[in-house]
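Open the viewer and have the selection tool ready. This tour goes stop by stop: select, look, move on.

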Amino acid sequence: MIMQYWVDLQASRQIKEQAERAQANTALRKLRDNLADQTRRELTLNLANSTTADRAWQTWFWFNHFNVFPQKSHVGAVLQSYVFGAIDGALDMRFKDLLRAVTVHPAMLMYLDNVNNTKTKGNENLARELLELHTLGVSGGYSQQDVGAVAKVLTGWSVQLNGPVPEMGQTIFRSAQHDSASQAVLGLNVPSGGAEQLAVLLDRLAGHPSTARHIARKIGLWWFDEPPEAAVKELAQVFDSTGGDLKVLWQSARALHQRMGSAPVFKDPMHYVLSAAQTICGSAPVANPQPLLRWMRLLGQPLLARSTPDGYPLSGSAWLNPGQLAQRIELAREMVANAERVMTPAPISPDSPPARITRFKLNDLRSTPWGQPWLRQNPEMRSIRPVGLVFGQPAIHVPIVIWICRKHHGSRRPLGHTFLATSTLNTAGLAA
């Protein structure tokens, strides 16, 4: 499917008639978006199922840190290799390895316009975000002069968008477009040269004290919502002492959270949707990501779809507003009504590329493809299963609990009854 995208791109460039070319470009964008949706579905299943969730959350965290927008240029066509190659592939390495992988990935080079950054016509977009968001942080001590110097080091790093199809969509270093002069960044000298200049620069940025603190605070926000200064300081020390070992850093943050604890926080839409899905599925795995992706979108946090390079806010308070609460209450009934759909694999659309297999542990009959039909034919073997969903947070005094109780009345198909009680309003009634 990815190869077909580049074939179609080349073909569209040969079309001279305007209306026909516009139609070809529309089809090309649809194919690009289908490729991006494949990545979203795979990551959603990994996030929703316990055996893969921890690593998937790390993948999402670092994607959000190095955010790209799939609907810009050809980014969606290379999104899968960015998420599961550059990012997931570096989780067992050090921060400097991850930084190298994402900085020169075609997705990042296209998203932040480095394909237009040459020695005769500069573009500072990637250079600025590399310093402000990816490494040092907004208060990291860099200047506009540093941004300009970094941009010159990045000249010539581009993406092959012409030529043989097998080479299209690949990172390429164009030495003729590179400014090879030595550069001073943060008072340090980057010697003159070619592609090796970027490796020198990225290693120095990864090892800078401001980067350690910036990354420590970002991980702290993920684990604590509002991280204590002591936690940020300790994580920065772990970053320094391990050379930015990503696995150790994540494990240290988890241990800190367990040791220090934190107050109840308002969940962002992703955590809200995924925890709700896990609850309505019980011990069965989430098998259909489509409803989850829809709910995230309706709540304002579509997966892998933030258009700005700063990524989604990690603090729950950023999502706390009356509109968000009303939307969550409205979606609660839909979630309960779609419990079976979430547990049933979605049919493959003819327009969708084939998804990669996600492995998970089979816990009981409900989690097998043949288990559901068998249980419907033998309702006496299916016990009553109550499930409680908590929508809202104690911290904002709007707990809403939905109880699901599956009962059987001699028919082959179970009748689902949903009882909704809102303890805050002190009322109760049947929701469905």
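Select serine 73. The cut-offs are under 20% for buried and over 50% for exposed. Keep in mind that this is a predicted model.

Now look at the surroundings of serine 73. The residue sits in the loop between helix H3 (50-65) and helix H4 (79-87). Check the backbone too. Phi of serine 73 is near 50 degrees, a positive value in a residue that is not glycine.

Next, select leucine 186. Which elements lie on either side of its loop? They are strand S3 (183-185) and strand S4 (188-190). Phi of leucine 186 is also positive, near 55 degrees, and again the residue is not glycine.

Zoom out to the whole chain. How many helices and strands does the protein chain have? The secondary structure comes to 17 helices and eight strands. The chain has 432 residues, and buried residues make up 50% of them. Now consider contacts between residues with a separation of 6 or more. Of these contacts in the protein chain, 65% join residues 24 or more positions apart.

Go inside. In soluble globular proteins, nonpolar side chains tend to be buried together. Here, the largest nonpolar core has 111 residues. Select Trp60, Trp62, Tyr82 and Leu292: these have the most contacts inside that core.

Stay on tryptophan 60. What does tryptophan 60 touch, leaving out residues up to four places away in sequence? Show these partners: Leu43, Trp222, Met270, Gln301, Leu303, Leu304, Tyr312 and Leu314.

For the last stop, select helix H5 (residues 95-103) and helix H9 (residues 196-206). The two helices pack at an angle of about 135 degrees, with their axes 9 Å apart. That angle makes H5 oblique to H9.

From H5, pick Phe95, Lys96, Leu99, Arg100 and Thr103. From H9, pick Leu202, Asp203 and Ala206. What kinds of residues make up the contact of H5 with H9? Four are nonpolar, one is polar and three are charged.

Note on methods. Residues numbered from 1 in each chain as written. Predicted model: local features only at pLDDT ≥ 70, side-chain atom pairs only at ≥ 80, totals over all residues. Heavy atoms only, no water. Helix = DSSP H or I, 4+ residues; strand = E, 2+ residues; numbered from the N terminus. Core = buried A, V, L, I, M, F, W, Y, C linked by side-chain atoms within 4.5 Å. Buried < 20%, exposed > 50% of the residue type's maximum accessible area, 1.4 Å probe, protein only. Contact = heavy atoms within 4.5 Å. Axes fitted to C-alpha atoms, helices over the stretch in contact; angles between N-to-C directions. Parallel < 35°, antiparallel > 145°, perpendicular 65-115°, else oblique. Nonpolar A, V, L, I, M, F, W, Y, C, P; charged D, E, K, R; others polar.
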